[in-house]
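Please read the following points beside the displayed model.

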Amino acid sequence: MKIIRFSQNLKFTNKNFTPTFSIFIRDFSLWSMKKDPDLESALTHNRRWIVNNQIKNIILRYPNQVVPVNFIQKKFKTLDLQGKALNWLNKYPCCFEVFRENDELYCQLTKRMICLVEEEEAIKEDQEPVFAERLAKILMMSSNQRLNVVKLDELKRNFGFPDDYLIRLVPKYSEMFRLINYSGRKSSMEVELVSWNPELPISCIEMSASKQNLEPRFSCSLPSTWIKSWERFNEFNSTPYISPYTNPSSLVEGSKEHEKRTVALVHELLSLTLWKKMSVIKLGHFKREFALPEKLNVLLLKHPGIFYVTNKYKTYTVLLREGYNASKLIDKDPLVVVKDKFGELMQEGLHEYNQRGRLLNLEKRKKKGIIMPKVEKRKDKNVEISEEEDPVGQAGRLFDPEERKRFYKILFEGDS
């Protein structure tokens, strides 16, 4: 319990009298879910490269794909970064190549990075039919089979859609989609489903049940020790499954059937994303279109066996528990595979940068005549290692916890 005291001067007969009021505020957390270390760490695996991915896009959009470092410096605030852009780019020599020309520094992608960009583009072209089906299924779950383009753009990367997905898909699949704008305002443009393909509105739960000749049911991914949560889940799962593609107007709002359909809808949306996760805030922007409850957070927290809600990096995110085995994503989309390669390339460059910095520091110490630490033998391994070479003991190394903490703080602080 917190007590906040404040005083306010009022018009009293005694001018020296100043009344003091006390307000009692109860500390509570609206979002409370027991932390799952595996799922918490899963978020770091697919977000480490976010800033470098944005820098990559800046370079690709620039003429000749060669960008002045000063231009990237101006973009640093939008990337939630501090310090000098040159220092940041130098940390990732495997991703970015910095060179000087006419007394000005420029940056371009390395050859290995360009190969990954080309591989990603080839996958996007091959997956256009998959994108079309995915977009159609999303529209089928909406109330009027249409969604605002501005809102949908907020989630396009979750679903793996390329930036120009509307230009790619709408003309090519005109029998499925069309763009409409009844008000004439740019922000009012919507993408609408033209035809209903009866083969598409089948949820992943229904597909899995059909393969096993079972009735569709949710699965629970909680430890057996969570007895009360298991009891609530079994009670919820005992009633028939309701497809997320069912028209919500036929269900009474606030009823158990309506809740069953809403849980199925969120489950299906998450299953269509690349990493089986989504921002809770952005999902809440579709309350009207998907007939979501006003207190969406309460619904998600009510079903901890199906969903996991976290506030990592100060962003509320909901994950589909069954999509992960510990911290590993079970089914990886081809786009996720190539993005993982980008993350590995970034990590390799950072490791190279740290190694180079360590060697420079050792060289400086030698020149200053600083005595090097004695070499010690590890008891558990027949490998000689000094304190300077110890990847755990040396601050500033890639796998040092403090260094990782500083790295992620810079990388994700203020991430929206």
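1. The second largest pocket holds about 770 Å³ of space. A pocket is an open set of points on a 1 Å grid over the protein atoms alone, with protein on both sides within 12 Å along at least five of seven lines; its volume is the space filled by probe spheres set on the points. Helices H6 (128-141), H9 (204-211) and H11 (256-272) are the elements that each give two or more residues to this lining.

2. This is a predicted model, in which local features need pLDDT of at least 70, side-chain atom pairs count only at pLDDT 80 or more, and totals for chains, interfaces and linings use all residues. Residues are numbered from 1 along each chain as its sequence is written, and side-chain values use heavy atoms, without hydrogens and water.

3. The lining of the second largest pocket has 31 residues, and Ser203, Cys204, Ile205, Met207 and Ser271 lie nearest the centre. H9 supplies the largest share, six residues. By type, the lining comprises 13 nonpolar, seven polar and eleven charged residues (Asp, Glu, Lys and Arg count as charged).

4. Helix H2 (a DSSP run of H or I, at least four residues) covers residues 50-61 and spans 17 Å from its first C-alpha to its last, close to the 16 Å expected at 1.5 Å a residue. Its buried residues (under 20% relative accessible area, 1.4 Å probe) include Val51, Ile55 and Ile59.

5. Strands E4 (residues 96-101) and E5 (residues 104-109) run antiparallel, joined by six bridges. Phe99 has Tyr106 in E5 as its bridge partner. Two residues separate the strands of this hairpin, and Asn102 takes a positive phi near 55°.

Key. Expected span 1.5 Å × (residues − 1). Buried < 20%, exposed > 50% of the residue type's maximum accessible area, 1.4 Å probe, protein only. 1 Å grid on protein atoms, 1.4 Å probe; cavity = no way out; pocket = protein on both sides within 12 Å on 5 of 7 lines; lining within 4 Å. Pairing = 2+ DSSP bridges.
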